[in-house]
Amino acid sequence: MQTKASCLCGSVKFEIELSNPEPEIAACHCSMCRKWLGGPMLAMDSGMLKNVSGESFISRYSSSEWAKRGFCKKCGTNLFYYLIPAEQYHFPVGLFDSEIQFKFSHQIFIDEKPDFYTFANETQNMTGAEVFAHFKNENNT
């Protein structure tokens with residue numbers, strides 16, 4: 001299943017290959033995502049980036065040794081978080097041009113979440129250390 005996504009100004013458009021009809025989303029509470037987005041990142045877990053138009057408007061910022069963050073140079077829309085070791089894209093849910101039924105399944109870097117907000121959903125929660133251990137184990141198997 002594929003869905004279309006675009007930035008705020010429409011200069012960057014692309015398709016995302018969804019792995020299942022009810023894709024899962026996560027909230028990331030790490031300090032970098034909160035600084036990047038102004039709040040927690042609500043993102044669809046890994047999808048395949050396809051048929052990109054406006055590639056010249058995409059800027060990639062190496063925010064750490066394990067990740068790059070993409071944004072539109074023209075309007076500033078945050079386009080993706082790319083996890084280098086797993087070779088996975090994660091897309092903010094606001095990019096999608098169509099209504100998708102997401103399942104809010106987990107929250108990461110829960111140990112960095114500020115106290116001034118809370119989600120009502122029951123989710124799996126992982127600390128930063130648990131997230132790094134998960135991806136380290138995933139890459140060694």
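In which strand is Pro-92 found? Select Pro-92 and you will be in strand S8, where strands (E, at least two residues) and helices (H or I, at least four) are DSSP runs numbered from the N terminus. The model on screen is predicted, so local features need pLDDT of at least 70 and side-chain atom pairs count only at pLDDT 80 or more, while totals for chains, interfaces and linings use all residues. Residues are numbered from 1 along each chain as its sequence is written, and side-chain values use heavy atoms, with hydrogens and water left out.

Stay with Pro-92, which counts as buried at 9% relative accessibility; buried means under 20% relative accessible area, exposed over 50%, and partly exposed in between, with a 1.4 Å probe and protein chains only. Leaving out residues up to four places away in sequence, Pro-92 touches Met-41, Leu-42, Ala-43, Asn-78, Leu-79 and Phe-80, a contact being heavy atoms within 4.5 Å.

Next, select Val-12, Phe-14, Ile-16, Met-44, Leu-79, Phe-91 and Phe-96, which touch the most other members among the 19 residues of the largest nonpolar core. Such a core is a set of buried Ala, Val, Leu, Ile, Met, Phe, Trp, Tyr and Cys residues joined through side-chain atoms within 4.5 Å. Two or more residues of this core come from each of strands S2 (13-17), S3 (24-28), S7 (78-83) and S8 (88-92). Centre the view on Met-44, whose contacts beyond four places in sequence include Ile-16, Ile-25, Phe-91, Phe-96 and Phe-102. A second, separate core has 14 residues, among them Cys-30, Leu-83, Met-126 and Val-131.

Cys-30 leads on to the cysteines. The whole structure has zero disulfides, a disulfide being a pair of cysteine sulfur atoms within 2.5 Å.

From Cys-33, move to Lys-68, which is 35 residues away in sequence and 12 Å away in space, C-alpha to C-alpha. Lys-68 has its place in strand S6 (residues 67-72) and counts as partly exposed, at 32% relative accessibility. Apart from neighbours within four places in sequence, Lys-68 is in contact with Tyr-61, Ser-62, Ser-63, Phe-80, Tyr-81, Tyr-82 and Ile-84.

Asn-51, in strand S4, has a positive phi of about 45 degrees although it is not a glycine, and at 57% relative accessibility Asn-51 counts as exposed. Glu-87, in the loop between S7 and S8, has a positive phi of about 55 degrees and is not a glycine either; Glu-87 is exposed, with a relative accessible area of 62%. Most residues other than glycine have a negative phi.
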